[in-house]
Amino acid sequence: MFTDARSKKVILVSHCILNQNAKIDRCASYPGAMREVTQALLDAGVGIIQIPCPELLFLGLDRRVEKDKETMVESEDDRVGVLMNKTVPKVLCGKISYDLIYQIKQYQLNGFTVVGMLGINGSPTCGVETTWENGKETDGSGIFIKIFKEECADQGVKIPIRGIKAQDPQAALDTLKELLNS
Ligand code: SF4
């Protein structure tokens, strides 16, 4: 089976790697996809699984901002982080994780390589090595990545998970190369 043109390799990427339009206001670094990383993924011939954006699904595109209030990106990240740590968004993150893990298991069962997952460092939701708390980037994972890791552990699924940042394309490419070569 599956002896056609496919590479039998897939990678999971945070939604905004392919679609910066989903970012919180004032935080997009590209018009659409993260150009360099997306090009490298295309060149590697790896299938790209775009993870749903938990913040967009729970808080909407405007993240329920108070439109009449002057805000800063830092305080908005704090506010979003608090809202995403409530019960309903956690259940949503669990559902997204469950669905992704089903797909990962299907690929693995059929002899495909799941290269890993790329999240977004500094995000209160999709951060991997760093997240956002109390007005600053801090060590640790965002709520979605935490829940995804817990669900992976429960189901005995192992894949490498790394974080990148749109503002640092060279470091993002280096991280992607490490994943592709591991
Ligand atoms: S980091 Fe995660 S929550 Fe934030 S825009 Fe990207 S996909 Fe959505």
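So, what covers the buried residues of helix H6? The cover includes helix H3 (54-59), helix H4 (73-84), helix H5 (87-109), strand E3 (113-120) and strand E6 (161-164). Contact here means C-beta atoms, placed from the backbone, within 7 Å. Helices (H or I, at least four residues) and strands (E, at least two) are DSSP runs, numbered from the N terminus.

Quick caveat: this is a predicted model, where local features need pLDDT of at least 70, side-chain atom pairs count only at pLDDT 80 or more, and totals for chains, interfaces and linings use all residues. Residues are numbered from 1 along each chain as its sequence is written.

Back to H6. Its buried residues are Ile 143, Phe 144, Ile 145, Ile 147 and Phe 148; buried means 20 or more other C-beta atoms, placed from the backbone, within 10 Å of a residue's own.

Now E3, one of the covering strands. Of its 8 residues, 7 are buried. Strand E1 (residues 9-13) runs parallel to E3 over 5 bridges, with Val 10 bridged to Val 114. E6 also pairs with E3 in the parallel sense, over 4 bridges, and there Met 117 partners Ile 161. Pairing takes at least two DSSP bridges between the strands.

Key
A residue is buried if 20 or more other C-beta atoms lie within 10 Å of its own, exposed if 12 or fewer, and partly exposed in between; C-beta atoms are placed from the backbone. Two residues are in contact if their C-beta atoms, placed from the backbone, lie within 7 Å.
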